[in-house]
Amino acid sequence: MAIREPFPELEEILASIGEGGQRIATIDAAEGAAGNISVCIGWPIEIRRRFHVVEEIRLPQRAAHLAGWYVIVSGSGRRLRDIAADPVANLGVVRIGDDGATGTLLTSPRRLFERLTTEWNSHLAVHDDTVARTGTNFHAVVHGQPPHLAYLSHLPAYRDEDWLSRRLLRWEPETIINLPAGIGVLPFMLPGSQALMEANVQSLRTHRIVLWSKHGVMSRSDVSVTRAVDRIEYAETAARYEYMDLVNGERAEGLTHDEMRAVVEAFDVKTTIV
Ligand SMILES: [Zn+2]
């Protein structure tokens, strides 16, 4: 998918990041300074009027497909719930250099952070990989720490990707419609590490959301921040049902295989899960 003209303006994009941050906080997935959001934009957009402090930076790894693009990303230590009230103080904008290895960080004089988010390498890598694979001109990535999903990943059985998806997609018909490839699962990896960045890119090639065991999730959308946040909400709601059922002695039926099949056929969902 790609966004068509007339392209959204900076103010609209900043507002959508703020709104996404508030929704992530509303579902308790952004305690303290946990969680981060970024979008990459592949059309000309006026940035410097709001973000006019200029600094040259080295990118954590090459992002050759984003040369000349803008990536708007949350600052390290900032709170997702605070972005809406003052986006320019909480967000930085990186114009990716023509070499794909360096960038220009544009910030506001009111900037409240030293560095970009600790997961900046994962955000950048997923954007670059998705743009290369799909040709989209817009991409949003959201990292949150929803407690029911994170809790389930502490149970060894739920770190099996097939098991997790089968267990979670059975609670509401919407879940398989919105997450037709299920939920990717990674083992625990150090936050911000190269290993997490690489495994995360790999999993988000086939999934719209991936669970980082004992930590949180990352979701993506080529439509909007809202859509990426929706994916976290659907997965977390499913995990809450699953947790309720475990606590209640697994007495619930869940959607049966036939009921799931009926949903998949009625809504023409391309999936291999049922
Ligand atoms: Zn985190």
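**Figure 1. Leu-116 in the loop between strand S5 and helix H3.** In this predicted model, Leu-116 belongs to the loop that runs between strand S5 (102-107) and helix H3 (120-134). Buried means under 20% relative accessible area. Leu-116 has a relative accessibility of 11%, so this residue counts as buried. Leaving aside residues up to four places away in sequence, Leu-116 touches Val-73, Ser-74, Gly-75, Ser-76, Gly-92, Val-94 and Leu-105. One of these contacts, Val-73, is 43 residues from Leu-116 in sequence, while the C-alpha atoms of the two are 7.0 Å apart in space.

Figure 2. Helix H3 is made of 15 residues. From the first C-alpha to the last, H3 reaches 21 Å, close to the 21 Å expected at 1.5 Å a residue. The buried residues of H3 are Trp-120, Asn-121, Ser-122, His-123, Leu-124, Ala-125, Val-126, His-127, Asp-128, Asp-129, Thr-130 and Val-131. Gly-135 follows H3 and has a positive phi, near 75°.

Figure 3. Which residues supply the protein donors of the zinc ion? They are His-143 through NE2, Gln-145 through OE1 and His-215 through NE2, lying 2.1 Å from the ion. Along the chain, the donors follow the spacing H-x1-Q-x69-H. His-143 has a relative accessibility of 1% and therefore counts as buried. Gln-145, at 17% relative accessibility, also falls under the 20% limit, so Gln-145 counts as buried.

**Figure 4. Helices H1 and H8 in contact.** Helix H1 covers residues 10-26 and helix H8 covers residues 225-247. The axes of H1 and H8 come within 9 Å and cross at roughly 10°. Angles under 35 degrees count as roughly parallel, and H1 and H8 are therefore roughly parallel to each other. On the H1 side, the contact is made by Ser-16, Ile-17, Gly-20, Arg-23 and Ile-24. On the H8 side, Val-225, Thr-226, Val-229, Asp-230, Ile-232 and Glu-233 take part. What kinds of residues make up the contact of H1 with H8? Five are nonpolar, three are polar and three are charged.

Key: Residues numbered from 1 in each chain as written. Predicted model: local features only at pLDDT ≥ 70, side-chain atom pairs only at ≥ 80, totals over all residues. Heavy atoms only, no water. Donors = N, O, S within 2.8 Å, 3.2 Å for Na, K, Ca; no water. Buried < 20%, exposed > 50% of the residue type's maximum accessible area, 1.4 Å probe, protein only. Helix = DSSP H or I, 4+ residues; strand = E, 2+ residues; numbered from the N terminus. Contact = heavy atoms within 4.5 Å. Expected span 1.5 Å × (residues − 1). Axes fitted to C-alpha atoms, helices over the stretch in contact; angles between N-to-C directions. Parallel < 35°, antiparallel > 145°, perpendicular 65-115°, else oblique. Nonpolar A, V, L, I, M, F, W, Y, C, P; charged D, E, K, R; others polar.
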